[in-house]
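Please keep the sequence and the model in view while reading the points below.

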Amino acid sequence: MNLEDREKDTKKNNKKSPKVLLTVLFFVLAAIFITNMARNALRAKTRQEVSYDTFYTMVKEGEVTKAVVGQTEIEIYTKLSSSKYSPVVTYYTLKMEDPNRTAFLLENGVESLQKKKDSNSVLLQLLLDSFPFIIIIGFYIFLMRRMSGGAGGIMGVGKSNAKMYMQKSTGVTFADVAGCDEAKESLVEIVDFLHNPGKYREIGAKLPKGALLVGPPGTGKTLLAKAVAGEAGVPFFSLTGSDFVEMFVGVGASRVRDLFKQAEQNAPCIVFIDEIDAIGKSRESKFSAGGNDEREQTLNQLLSEMDGFDPARGIMVLGATNRPEILDPALLRAGRFDRRIVVEKPDLKGRMAILGVHSKNVKLDESVNFEEIGLATSGAVGADLANMVNEAAITAVKHGRAAVSQKDLFEAVEVVLVGKEKKDRILSQEERKIVSYHEVGHALIAAIEKDAEPVQKITIVPRTMGALGYVMQVPEEEKYLNTKKELESMIVTALGGRAAEELVFDTVTTGAANDIEKATEIARNMVTRFGMSEEFGLMALASQQDMYLSGRTVLNCGDETAAEIDKVVKRLLEEGYAKAKDILKDNMKALHEISAYLIEKETITGKEFMDIFKKTTEGEEPENNEEEKL
Ligand code: ADP
Ligand code: MG
Ligand code: ZN
């Protein structure tokens with residue numbers, strides 16, 4: 001915020017109570033100084049010149065007390081009791097060459113002074129007189145500044161500019177946002193509204209006032225809002241929902257007021273309210289137990305501002321949230337955020353495009369293949385992908401390479417998904433063996449189950465995010481639907497690690513906690529949401545809550561049914577586990593050989609894995625076929 005705006009703010013804040021006293025004090029002092037100055041000015045004007053002779057006469061008459069001898073004139077100070085000469089008039093005479101003067105004045109008892117410099121400038125005098133006045137004004141301004149929060153503190157609550165964020169131009173365009181073409185299409189329209197609102201007015205169309213960007217975190221909602229401003233070439237005013245939520249009631253509302261006032265002055269422009277759920281939570285919802293006056297006031301102010309402005313002036317309000325389900329319905333009503341623009345997680349094509357956008361200024365070598373990376377990063381959002389490209393570039397530099405290779409990118413994918421390698425965590429020999437069999441158990445089942453994704457890599461190097469080892473699976477193509485068979489395969493694969501531990505070591509470890517959680521969630525969703533169990537058929541038993549955040553589901557059925565559901569889930573898991581053990585029992589030789597190799601190498605590629613797997617099963621294949629025939 002620039003100085004001018006702060007000044008404006010200062011003026012506005014004068015209305016507030018603690019400043020009234022100061023203002024009164026200021027005016028009293030100002031009045032005193034002004035009268036004083038006026039008197040001085042008057043005195044300066046009522047000067048009267050007398051002749052040198054008259055001066056002599058005055059001295060002889062004994063009317064003079066003091067004579068101040070300057071460069072060109074002599075000021076004559078008369079007695080206050082004088083009846084002949086006025087005490088408010090300053091008499092003076094032009095100085096003459098007079099060697100006797102000093103003696104003459106002495107004789108008549110007149111004090112004679114030598115003036116260093118003539119104060120012939122009225123202006124200088126005025127300046128000297130007003131010096132204290134200037135100091136007071138300065139002090140006043142300083143105090144007001146302090147009070148209006150330039151230096152923060154409790155007095156700073158009324159000040160909103162500090163956190164409000166205004167960009168003359170964002171410098172972001174639609175070209176910087178990849179992989180959300182539908183959202184961009186809707187926003188192109190908004191850019192057009194801002195460009196030529198007249199076109200729409202003429203035909204009688206009402207312009208939309210606002211649009212709400214909805215989607216999971218990191219999908220580029222903030223980026224898109226900036227891109228709209230950038231494309232339209234208009235200023236961008238933004239506030240984040242959490243900025244509003246302060247301890248002082250009324251601050252949020254005044255911020256909203258300020259925001260819209262400034263926007264109106266700068267129209268056409270974009271007003272962007274990020275994380276709008278922080279203020280826009282439904283007023284009746286259970287989330288706001290006890291009520292929150294501050295938030296409610298802020299929300300009401302926002303609603304009234306949105307009703308108040310004329311969209312034809314070219315103000316477009318954009319909001320962003322990843323929790324649309326908790327927003328107050330009043331916000332979503334027509335005439336407010338009446339458009340909802342969904343920003344989804346990017347698909348394969350989108351991910352490849354985002355990788356492209358972010359590696360525009362990164363040197364890549366010829367091994368780089370975005371499609372492979374895109375396939376390995378299903379579920380990643382734009383922010384993750386941007387992060388990955390940067391991590392890869394850093395890795396390349398660390399290894400002293402001039403360009404980023406595919407290997408660097410894959411490493412970055414792992415860093416973002418499972419954390420950095422944690423080489424200083426030393427596992428004991430026994431633990432390494434267990435982890436190794438566990439991971440190979442997953443990998444073998446993935447390779448044998450036709451519906452599972454191919455193995456890309458197996459490693460037993462621990463990661464910072466807790467994994468002691470893991471199997472990286474990369475699908476051959478992007479999937480939007482999962483069949484029942486695929487889900488069952490996922491359960492079997494997830495439980496493969498535990499199955500291997502039990503078969504080989506006849507014991508189980510805590511290492512399977514994550515796998516069990518994953519398998520249970522799949523099984524539960526199959527029963528409650530996907531209609532994939534015989535027991536419940538097509539009955540919807542749960543609904544999703546935070547669809548863009550945790551994806552949490554909530555059961556909506558009675559207790560008895562819930563108990564019934566648990567039984568079915570348990571059965572699915574048991575079946576999956578039995579199948580996992582069966583598969584591994586049939587492939588014991590491969591399990592041992594690959595595990596031994598993995599313990600030695602720590603990390604093996606999918607190809608190495610498949611080579612050993614094929615070698616060990618080749619001899620058995622006819623056997624298997626015979627079994628099948630039997
Ligand atoms: P959100 O507001 O949805 O949480 P952001 O817009 O803040 O996400 O995205 C964070 C960063 O991730 C952006 O600054 C950008 O670098 C990157 N990003 C996210 N989505 C995209 C996308 N679709 N295209 C290009 N970059 C993206
Ligand atoms: Mg954001
Ligand atoms: Zn596991």
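Two strands are said to pair if DSSP finds at least two bridges between them. By that rule β9 and β10 pair, with 5 bridges joining them in a parallel run. The model is predicted, and its protein chain has an average pLDDT of 82.

**Confidence**

- A pLDDT of at least 70 is reached by 86% of the residues.
- Residues 149-162 have a pLDDT below 50, although the model gives this stretch 26 contacts beyond near neighbours in sequence.
- Residues 622-630 also stay under 50 in pLDDT, and here the model has 0 contacts beyond four places in sequence.

- Strand β10 is largely enclosed by the rest of the structure, because 7 of its 7 residues are buried.
- Ile 315, Val 317, Gly 319 and Thr 321 point one way from β10, whereas Met 316, Leu 318 and Ala 320 point the other way.
- This pattern can be set beside a general rule: in a regular strand, side chains alternate between the two faces of the sheet.
- Val 271 has Val 317 in β10 as its bridge partner.
- Strand β7 is likewise joined to β10 by 5 bridges, and the two run parallel.
- Leu 212 stands opposite Gly 319 in β10.

**Helix α8**

- Helix α8 covers residues 221-232, and its 12 residues should span 16 Å at 1.5 Å a residue; the end C-alpha atoms lie 17 Å apart, which agrees.
- The buried residues of α8 are Lys 221, Leu 224, Ala 225, Ala 227, Val 228, Ala 229 and Ala 232.
- These buried residues pack against helix α6 (181-195) and against the strands β7 (210-214), β8 (236-240), β9 (269-274) and β10 (315-321).

- His 442 belongs to helix α18 (residues 429-448) and Asp 515 to helix α20 (residues 513-528); the pair is 73 residues apart and links distant parts of the chain.
- His 442 and Asp 515 are both buried.

**Open sheet of three strands**

- An open sheet of 3 strands is ordered β13-β12-β16, and its pairing is antiparallel.
- Strands β13 (470-473) and β16 (603-605) form the edges, each pairing on one side only.
- On average, neighbouring strands of this sheet are turned by 15 degrees against each other, direction ignored.
- Strand β12 (residues 455-459) pairs with β13 in the antiparallel sense over 4 bridges, and Ile 458 has Val 471 in β13 as its bridge partner.
- Helix α17 (residues 406-418) lies across β12 and β13 and runs at about 120 degrees to β13.
- Helix α23 (residues 606-618) packs on the sheet as well, where it touches β12 and β16; its direction makes about 80 degrees with that of β16.

Technical notes: Residues are numbered from 1 along each chain as its sequence is written. Chains are lettered from A and ligands numbered from 1 in the order in which they are written. Side-chain values use heavy atoms; hydrogens and water are left out. pLDDT is the predictor's confidence in each residue, from 0 to 100. Contact means heavy atoms within 4.5 Å. Buried means under 20% relative accessible area, exposed over 50%, partly exposed in between (1.4 Å probe, protein chains only). Axes are lines fitted to C-alpha atoms, for helices over the stretch in contact, and angles run from 0 to 180 degrees between N-to-C directions. The expected span of a helix is 1.5 Å times one less than its number of residues.
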